[in-house]
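Colleague: Could you walk me through how to read burial, strand pairing and nonpolar cores in a model like this one?

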Amino acid sequence: MTQDVLTAPLVTPETAEKDFFPIRGIDHIEFVVGNAKQSAHFYRSAMGFKLTGYAGLETGLRDRASYVLEQGKVRLILTTPLIPDHPYQEHLRMHGDGVKDISFEVDDVERAYRETTKRGAIGVQEPTEITDENGTYFTAAIKTYGDTLHSFVNRKNYRGFAPGFRPITKEDTIARPTGLAAVDHIVGNVGWNQMNDWVKWYEEVMGFHLFVSFDDKDISTEYSALMSKVVASGSEKIKFPINEPATGKKKSQIEEYIEWYKGPGVQHIAMATGNILETVTKLSDQGVEFLRVPSSYYRELQDRVGVIKEPIDELERLGILVDSDDDGYMLQIFTKPVEDRPTLFFEIIQRRGARSFGKGNFKALFESIEREQDLRGNL
Ligand code: FE2
């Protein structure tokens, strides 16, 4: 693929009009975790999120506990099932801690559910209207890859996060903000030869369009390879890269993920910051672990990406990567997996014009991932 194709999104006026229902944005991302109380501590004290809501025994729930965490426009929900026969127990048993639901904010939940299921989505929760003392809340959900869901939410006439949740308005003294501002993209890993089916699913069911694609020549090292296509919503506010493994001499990082997650699922969540130097300094100081590339990467950097505002020695100290395209450049860095299974991790990204995904970094980055895979005995 040429650089031109990479940076020119494959969107036309016709594709933009294919929105079957308007999506306002990602409402929240819900994780199923083994111990939400302790996970919430990590997201607050290390990642910088503020606790804004809670649901559990104290709010009248008997089967689960959930924590609402917010930073900028990013909203995460951590949920732990409290009883053996809660449906989330199976998710936990199979996948370990991981993403259960990428939830969309929509104006019309009924329509979102009707349009997507009409086009082939499997419904898991029929449109539901809940009215309590805080107003009326609408929700529904469909299945996407693996055991992951897309729920639809409308809380325009609801005060607070959702029924059953208690808002927390007092200052969070544990939270140490790091400047994370919004979700940039969320990546899904799917199995061998499944990528095109899921791209088609997002096109046909959700009205998304193909934004950019990478083949195994773009994304391969001496040992392993993967393929990736990025789908975007009509407005391009939401971007979902979808990866599948490709054949290499050794095991692809996507295969490692699928082996340990026991199927397809969310691989990483990229969160945008307006100042990556500050954000990564804080995250590192607070104990978040990042992947490193060799220092030779920084000696070749200037020639590859041209003039950038950030001092290269600072970038090297923090391990931040840089890539450029026709529209500008972007800075990015990846955490190590944030649970014991080598599954979900985070990306921190700052865009200075560039709309691409760091193709120029793939090789250095994947070699770094492979060193970690090797340490785990999974290469
Ligand atoms: Fe990414």
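**Strands and core**

Modeller: Strand 12 (residues 225-232) is mostly covered, with six of its eight residues buried; buried means under 20% relative accessible area, exposed over 50% and partly exposed in between, using a 1.4 Å probe and protein chains only. Strands (E, at least two residues) and helices (H or I, at least four) are DSSP runs numbered from the N terminus. This is a predicted model, in which local features need pLDDT of at least 70 and side-chain atom pairs count only at pLDDT 80 or more, while totals for chains, interfaces and linings use all residues. Residues are numbered from 1 along each chain as its sequence is written, and side-chain values use heavy atoms, leaving out hydrogens and water.

Colleague: How many bridges join strand 11 to strand 12?

Modeller: Two strands pair if DSSP finds at least two bridges between them. Here strand 11 (residues 209-214) runs antiparallel to strand 12 and is joined to it by five bridges, with Phe214 opposite Ser228.

Colleague: Which residue in strand 13 is the bridge partner of Lys229?

Modeller: That partner is Ile242, and strand 13 (residues 239-246) pairs with strand 12 in the antiparallel sense over eight bridges. In their hairpin, which has six residues between the strands, Glu236 takes a positive phi near 65°.

Colleague: Which residues touch the most other members of the largest nonpolar core?

Modeller: A nonpolar core is a set of buried Ala, Val, Leu, Ile, Met, Phe, Trp, Tyr and Cys residues joined through side-chain atoms within 4.5 Å. Among the 96 residues of the largest one, they are Phe31, Phe152, Met206 and Ile269. Helix 6 (residues 195-206) gives this core its largest share, seven residues.
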